[in-house]
Every structure is written in C-alpha cells, then in structure tokens.
Amino acid sequence: MNLLGPSFTTEVMPTPVPEPSWVAQNFELGQDLGLPDEWLNGTEGLAVFSGNGLWEGMQARASVYSGHQFGQWAGQLGDGRALSLGEYASPKGTLEIQLKGAGKTPYSRMGDGRAVLRSSIREYLCSEAMAGLGIPTTRALCLTGSPLPVLREELETAAIVTRTAPSFIRFGHFEHFANHASPTGVEHLKQLADFVISNHFQTEDFSSANPYATLLEKVSVSTANLMAQWQAVGFCHGVMNTDNMSILGLTLDYGPFQFLDGFNPQHICNHSDSMGRYAYDRQPQVAYWNLFCLAQALMPLIEEQDLAMKALEPYKSAFAESWEISFLNKLGIEKQQDPALASDDKTLLNELLQLLANEQVDFTIFWRRLSHAAPTTQAASSEWQSVADVFIDQSAWGEWRDRYLSRLQTRPSALAVRQMLQVNPKYILRNHLAEAAIQKSKKGDHSEVDTLFKLLQSPFEEHSQFENYANLPPDWAANIEISCSS
Ligand code: AMP
Ligand code: MG
C-alpha cells in the first residue's frame, strides 16, 4: 500500500515508548517468512517492533480510509494507530508489516494512537488461533509491551502488535476515494483498484470486459467463504464495519471478538453493540450488506449497475455452498449429488443445529465429542455417552443420534468420519482463557500467552496434558464484558 504514493498514505514516525520489552515472539512465523533471526531477537528488533526506531530504508506510513460503522456512514477514519513499515519480500510472497499501537497519526481523530496490553494479547493470540484453524487471517509476528500508562475505562499499559498480511486494504479504502467525488477521487479509486488487481490477484483471470466487476465478484466469493468458515467454528467478529473488512477476505482487526461457548445463534459478543447488528447469526447478512457498500464505491469504475449487481450475486450461492460443506464436514458427511439425498442431509443438519440452540449446548465440545463418537456405531459406547451428556432432553437427542447413525451406515463415508477430528477443533480461544493470560501478563508473567499460543497453533491435536483448556468455561466467564474499547 505504501507503494501507492502520498494520496493514499502519509509518512509518520512511530512514537517511542519507555522501557519496551518482549511479550511474545512468533518465531515460527518469522522462520516461515524467512525473516532475519535478529528481527525477533535482540535489542534492535525490540526497538523497531516497539516503535522506538526503524531499520535503515524503512519508512512508516499510515493510510487513509473511510467506512460505514454500525450501518452509518462514518466519513474519514484511516489508520489511527496502525503504521505500515513497508512491504517485505518473503518466500510466501510480498507481505506488509504493520505496527498497531505505535502512536498518533493524522487519522487518530480523538484517539491516543495506542493499544493496551489486554486487547493486544487478544489480537496476537486470535490471529494465530485463526491461522491454526486454517481460516484466512492477518498474522501476528510479535507483541511488545511498555509500562506507558494508557487510559481506557481504567488505567492500563501500552502494547504494540506487529502484524503481517499480503495487504491490509479494506473495503473502506475504496469507499474513501469513491466519496471524494472530484475527478482526482475517481482517478485514485482506479489507481487503488488497479493496484489491488495487479498485486493481489496476479494468478487470477481478469480478462473479462469489466475488471472492476470481476474484482467485486472475487471479493464477494472470498468474503462468502470467510463467513462460512467463521460460522463453522462459532467465531463472532464483533465489529464488522466496512473499515474492518479485508479486500482479500482475511479476518482483520481483532477487537471484541468471541468464539461461541454455548450455541446461541443470536449471541452478541460486543458489549457496545446494543442492537445486536453483529450477532453471530447476522454475520453472513452483514457481510453481504458490506459488499453492497463496496459495490457502491466501485460504481464509478464498474459504471453499469447491472454488472455490479451481477458481481454481488455469487455471494449467496458461494456462502450457501461453503456453509453447507463446512457443516457437513463437521458431521463427517460428504455432500450428496442426488438432490433428494442432499436435502435429507441438510434437514438432518438443521435439526441438529436447532437441538443445539434449544439447549445452548457448548458448540466446540459437542462437535469434538461427536467426532470421537461417530466412528463407533454402538450408541451404548462411552464415546456416544459422552455426547449424550451435553444434552438435557435425552429423547430428542437420542432420536436425532439414531437417524445420524443410520445415515452413516447407509452411506458410509469412512474418510469423512475420520476427518471430523481435523475440522472440529478441540481448542479455541475462549474469552476466559484469554482473560487468564492477560491477568498473568499484566503482572509481568507471559507464560500463559506462550501456552495458549502453542495450543492454538494446532487446535485439532489432543494435547492431553492441557485437557482443562478444552473444558466448559467457568461461571465467571459469563461476566467478562468485551467492548470496542481497546
Ligand atoms: P476499530 O474499531 O479498532 O476498527 O477502529 C476504528 C477507527 O478508529 C480506525 O480508524 C482506528 O484507527 C481508530 N482508532 C481506534 N482506536 C484508536 C486509538 N486508540 N487511537 C487512534 N485511533 C484509534
Ligand atoms: Mg479497525
């Protein structure tokens, strides 16, 4: 993005913090990206990743964007506390490296340009948890902290997450230039769209007459797939404003997110979202609404309304297809070609989801136990008993279980059943686990961040010595209030 020039980004020096220290270093990611060893070791790396210096040739820049927040046009926003350190050519492709929380920028508005340790630990861990789950996301390279006081509801301390992504370009970047209706606004919009197409869709077919409609269509499909993946693991983003929507279909900007504990489809994770706009079951719909905003922003380039509408259309089918396959995979069932059989499977799935919702059964524990039970056909086995244990209405459960078992027997799909343990995670970043790590880190002990980080990198493994991390949340977890404040 920094390559786009001064109409898109502004040079800003990071604001130094006192007494910086490492909170967490993602050596695996560093290695994967072929970063020099000293980046995540030693004093120079610490200085750069805490905003206390730049390596030669590095330039820090903040970008301007706008967006719709909670359904309303919010005007200009921009990187109020993120600074891009430029592009890095890694073996995995070119990556942008960003500091989040390194001080004020021209887009900070009333904000202090800082992020607190609490929210930074949540972003660091959740980015890597999503990557571990195989869900497209920005990544987190390291986390540094400082005793610098930062005022939120109470006094906290500062932290800086270094994150990477092929691009941090948001729907809001397009909205910004579309809303500067002067001829230069359209020029910039075109420059931005051309940049995204040529830098981030190199391998894809843009030979159609209208490349901007093609771009919209591709973003619609990747966003649909992302939503299906979120729904399948019970991930609630919390603030799906258009400025938090990635043009590459990545999970972006971790704030008041939450993985569902009990399966309540109407669950609202963000304490500030009083209307429940971003409730779990509304996410797919909201993403579609956000894509409309993107379509509107691209209209000066697409020009024909019909083409824009047509480019949005695949969202619905891509989401429906991806959602169905994700959830059938969770059941160990391969999608049937025969429409009647496929429809029976969908009914079976929907009835299960209703059952889970009726009793707000723990979403993760249920699927994991089912994954262990499904390969055995004996409903009296201990594996099946442990699934039954999560239900109060035993007869409703038993009735569904019998139909499921006979479904598995009539059209056995042994492979799909065995793969259930690879799609239904044992470990997710529950709020109370993050909270425990945060409380320890606040006292200077970062060991719990490390432990969670390692577990969440491979959430489908048993890690039997960490069994208690896969348990139901304790009662106090219900009182954790996560808001936009970060
Ligand atoms: P978010 O809700 O974190 O996605 O942020 C929405 C907008 O507010 C973005 O433009 C952010 O850069 C900006 N912002 C959030 N927190 C701060 C802060 N502490 N200082 C400056 N800008 C902020
Ligand atoms: Mg944001």
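A: Arg 163 and Asp 253 face each other in a salt bridge, with an N to O distance of 2.9 Å; the term denotes a side-chain nitrogen of Lys or Arg within 4 Å of a carboxyl oxygen of Asp or Glu. Arg 163 belongs to strand S10 and Asp 253 to the loop between strand S11 (235-236) and strand S12 (258-259), so the contact ties together parts that are 90 residues apart in sequence. Strands (E, at least two residues) are DSSP runs, numbered from the N terminus. Arg 163 is buried at 1% relative accessibility, and Asp 253 is buried at 14%; buried means under 20% relative accessible area, exposed over 50%, and partly exposed in between (1.4 Å probe, protein chains only).

The model is predicted: local features need pLDDT of at least 70, side-chain atom pairs count only at pLDDT 80 or more, and totals for chains, interfaces and linings use all residues. Residues are numbered from 1 along each chain as its sequence is written, chains are lettered from A and ligands numbered from 1 in the order in which they are written, and side-chain values use heavy atoms, leaving out hydrogens and water.

The whole structure holds 22 salt bridges.

Notes. Helix = DSSP H or I, 4+ residues; strand = E, 2+ residues; numbered from the N terminus.
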